[in-house]
Amino acid sequence: MSGFRTPLRRARGLGSAKHGVGAFIGQRVSAVALIPLVIWGVAAARTLARGDFVIAGAWLREPLNVTLLSLAALAAFYHMHVGARVIIEDYFHWPATKALLLIGNFLLCAGAAAATVVCLLKVALAPEAF
Amino acid sequence: VASTPGKVVLFLITLSLFFHLANGIRHLFWDAGAGLETATANRTAWAAFAFALVAAVALWVFLAAPLSAG
């Protein structure tokens, strides 16, 4: 069937989609955001690792801590999504495999991000006795 | 996490995290057009390895130290 198409029709749409730079910029913006967030997160984990769940819960009930930890999780899962997407786009050439992996990558990262934020808020918004 | 295999996995995760952090900063400098010369790139590559190892070991030495020292 494709033989009936004119050369111009077949060539159309094969060039740049003109919006690929969005992922490139997003990857860098999330990288810059994650530098201070990861350093802060490691510093926090350093003290939290020595305490129990009650101490961690009290720490997470501080509004600044949940906010920063949620931002870190969202930035990290976005960063992970774009990074894995670049690898899939570069190394998987069979359209069906590529499409399935891209969809799976998005759903996995989006699901993990949503679940993480729900878990953080559940602890942060729980009453003191939790 | 109390088991030894669990601690090994956690240590490797922190090692990977610190390496990713250092190497990511390297990539940001490359994006700005800096540090692309072979000699500089080789030096920063070793620096990234060294930072990852030192930071991960330092973190775990701190965690292993008794509470009063922290």
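How exposed is Ile25(A), going by its relative accessible area? Ile25(A) comes out as partly exposed, at 45%; buried would be under 20% relative accessible area and exposed over 50%, with partly exposed in between (1.4 Å probe, protein chains only).

## Ground rules

This is a predicted model, so local features need pLDDT of at least 70 and side-chain atom pairs count only at pLDDT 80 or more, while totals for chains, interfaces and linings use all residues. Residues are numbered from 1 along each chain as its sequence is written, chains are lettered from A and ligands numbered from 1 in the order written, and side-chain values use heavy atoms, with hydrogens and water left out.

## A greasy patch on chain A

Ile25(A) sits in helix 2 of chain A; helices here are DSSP runs (H or I, at least four residues), numbered from the N terminus. Together with Val21(A), Phe24(A) and Val29(A), Ile25(A) makes a nonpolar surface patch of about 370 Å². To join such a patch, a residue needs over 30% relative accessible area and no salt bridge, and nonpolar side chains (Val, Leu, Ile, Met, Phe, Trp, Tyr) are joined within 5 Å. The areas come from the Shrake-Rupley method with a 1.4 Å probe, and for residues only the protein chains shown count as cover.

## Two salt bridges

Searching the whole structure turns up two salt bridges over all chains, each meaning a side-chain nitrogen of Lys or Arg within 4 Å of a carboxyl oxygen of Asp or Glu. One pairs Arg28(A) with Asp31(B), at 2.6 Å from N to O. That pair crosses between chains, running from helix 2 of chain A (residues 21–48) to helix 1 of chain B (residues 4–31). Arg28(A) is partly exposed at 24% relative accessibility, and Asp31(B) is partly exposed at 40%.

The other bridge joins Arg85(A) to Glu89(A), at 2.9 Å from N to O. Both residues belong to helix 4 of chain A (residues 63–91), four residues apart, or about one turn of the helix. Arg85(A) has 35% relative accessibility and Glu89(A) has 32%, which makes Glu89(A) partly exposed.

## The pockets

A pocket, on a 1 Å grid over the protein atoms alone, is an open set of points with protein on both sides within 12 Å along at least five of seven lines, and its lining residues have an atom within 4 Å of a point. Helix 2 of chain A gives the largest share, 15 residues. By type, the lining of the largest pocket splits into 34 nonpolar, 10 polar and four charged residues; Ala, Val, Leu, Ile, Met, Phe, Trp, Tyr, Cys and Pro count as nonpolar, Asp, Glu, Lys and Arg as charged, and the others, Gly among them, as polar.

The second largest pocket holds about 180 Å³ of space. Its lining includes Arg85(A) and Glu89(A), along with His19(A) and Lys18(A). Three nonpolar, four polar and three charged residues make up that lining, and helix 4 of chain A supplies the largest share, three residues.

## A tryptophan in chain B

Trp60(B) lies in helix 2 of chain B and is partly exposed, at 21% relative accessibility.

How values were computed:
Helix = DSSP H or I, 4+ residues; strand = E, 2+ residues; numbered from the N terminus. 1 Å grid on protein atoms, 1.4 Å probe; cavity = no way out; pocket = protein on both sides within 12 Å on 5 of 7 lines; lining within 4 Å. Points joined across faces, edges and corners; volume = space filled by probe spheres on them. Patch = residues over 30% accessible without salt bridge, like charges linked within 9 Å, V, L, I, M, F, W, Y side chains within 5 Å.
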